[in-house]
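Colleague: I'd like to learn how to read a model like this. Could you walk me through it?

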Amino acid sequence: MPDASPVANSELNASPTQAAAQVPYTSAALVEANQQEFAELATFIDFAEGLTIGFVEVNQERDKPLLAEALRQHLANTDTHLEVINFSRQHDLRYLLDALRQRLASLNASALNGNKKLVLFIQGLEAAIGTDGVGAYPPVLQDLNFVRDAYRERVPHPLLFVLPDYALTRISQYAPDFWAWQSGLFRFKTPLQTVEQLKADVADRPLPTIISHDNQEQIEQLKRLLMELAPSGKPIATQDLPLCCELYYKIGSAYYTQKQPDKAIDYLQAGLKLLEHYSNPTLRRDFHRKLGNAYEDLRQFDAAITEYTTALEITKTHNQSESVPALLQDLGDVALKQRQFDRANAFYEQSLALNEAHNDRYSQASTYHQIGGVAQEQRRYEQAKQYYQKALDLTIEFGDRYVQASTYHNMGSVAQAQRQYEQAKQYYQQALDLKIEFGDRYSQAGTYHQMGSVAQAQRQYGQAKQYYQQALGIYIEFGDRYSQASTLHNMGAVVQEQRQYEQAKQYYQQALAIYIEFGDRYSQASTYHQMGIVAQAQRQYERAQQYYQQALAIYIEFGDRYEQADTLHNMGAVAQEQRQYEQAKQSYQQALDLYIEFGDRYSQASTYYCLGTLAEETGDLATATENLQRALERYEEFGDSYQADSARERLRQIAAK
């Protein structure tokens, strides 16, 4: 993708009336519109011998077969055969030379008609080359440059590379040695009728909102128009500047819905640069907000905050008060992901107050949803349910079935946290059904993940694995590496429960590597905790303590007192297994105090159980009985018959002594 170009006058604009008056476009019309260029290309083919390379710029897909047809008609009574080779479906093409040799070997000898000169019309390579300024050095161009000399012997024929503008620019940048071999460069103009039709299509087609790959055709359409209005190395016409800015925004937004935030950022930044020549505060605000969205997806939170703050400043400067609540909510979302709960709540409350002041009941739904998310993270489950219910009621009132899915999902998370598993499954199923109904494949992954978590909690490990695999497959499909981490982590926990410790370690290491890659220090804690459990199960006590200590340090760093409890509990278990009874008792008591502080009666059970076994080992049978009885009461309260049976058996053994 070229940088945004400076402004100039244009010859591309024609009135819609003019455009509509033109006859249907045919190969003859293409030649008529490009007489000189076609004549030069025909002469190039006539004189080309052996390996001769020509690059042909054709921006519109429909023009490529028309050009091939025109050339075939021109060569009909000559000793030259034109063979069209299309690579448009080979997005992963790397070795072009080998691919060409395979195609040549498959040609029917009769098609070449004896000793006719063979000319290869190569199209569709942009699928592998790309037309963006984002991404690594295209492998096909690496190879093209590297094996250039081999083409003389292995493909000794004239080659016409038929490509759009931006793909040709990438060849010149990434394969300069091969580019330097060209004997001709031919640029075919797109008819004004086509350009006007593209403009109309762009104006009529709305931006996608649901994350999907289905908008690739729209992206290509937007790029084709952009290539016409902003060709490589040439200035953009003054009258085309507003539309070009809009195109950069739409392409960036479309890539964002494909979970390709890097590409989105590239186009959005280019559009912002172009806006320096064109004053449009509303569009500038939208650019900055969308950039914030993309940076947030990449977990580059400081950059996201900068973009949201800039957008907010624009709204205040240009009296765009209607956009302020949404931007405040964006800032709240970043704070929530950073676990700055008070800060997040403050932004959400400001957003809610403004929406209430404007009587914008519909927008209040998403804010109630997010405030519920803060309450959920703080383990204020009853409040979270109230906020989610308010959000749900509003989306039902306005008939927005799609948005209801995320609220049902979060209501499922609350029910799951409260060990109300059947209720959680119902909510998750409602969320999943809506996401399937609206074709939101990406968001299904999060719900499959949670359904796996419920199955895991109910010790339905085969079912849990299936759900996690479904989630992981979708995250991989959309290239969402960060979200893969939590699913890999949970898959590690499943195989750990099945005593497949080496497999568990592999999953945990994969998850940890991703958390480190994305700078998510907080999430590393739970993975270190689980790695400690694996080391403990393998009786590697020193390593287990190291992992637990790493987890505990992170929880302390983030002020997460509740999560410290599980790690303290496990540190107590390691000490107990090494007969360090005082240290074990101290760790268990710290964990128990935290569970009591947060009202987590179920987790108290396991710590009471361990305190009971610890007292039994040190000969204090009265204390052992007391603690085991407390554990039993809590297991029975939550219907955990498996653990309750274990506590009863231990009590029977003590009573028999």
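Modeller: Threonine 194, for instance, lies in helix H12. This is a predicted model, where local features need pLDDT of at least 70 and side-chain atom pairs count only at pLDDT 80 or more, while totals for chains, interfaces and linings use all residues. Residues are numbered from 1 along each chain as its sequence is written, and side-chain values use heavy atoms, leaving out hydrogens and water.

Colleague: Is threonine 194 buried or exposed?

Modeller: Buried means under 20% relative accessible area, exposed over 50%, and partly exposed in between (1.4 Å probe, protein chains only). Threonine 194 has 8% relative accessibility, so it counts as buried. Contact means heavy atoms within 4.5 Å; setting aside neighbours within four places in sequence, threonine 194 is in contact with Gln60 and Arg62.

Colleague: Which residues have the most contacts inside the largest nonpolar core?

Modeller: A nonpolar core is a set of buried Ala, Val, Leu, Ile, Met, Phe, Trp, Tyr and Cys residues joined through side-chain atoms within 4.5 Å. Here the largest one has 47 residues, and Leu225, Leu226, Leu247 and Phe287 have the most contacts inside it. Helix H14 (241-257) gives the most to this core, with ten residues.

Modeller: The expected span is 1.5 Å times one less than the number of residues. Helix H32 (residues 601-617) has 17 residues and should span 24 Å; its end C-alpha atoms are 25 Å apart, which agrees. Of those 17 residues, 14 are buried, so H32 is largely enclosed by the rest of the structure. Just after H32, glycine 619 takes a positive phi of about 90 degrees.

Definitions and conventions:
Helices (H or I, at least four residues) and strands (E, at least two) are DSSP runs, numbered from the N terminus.
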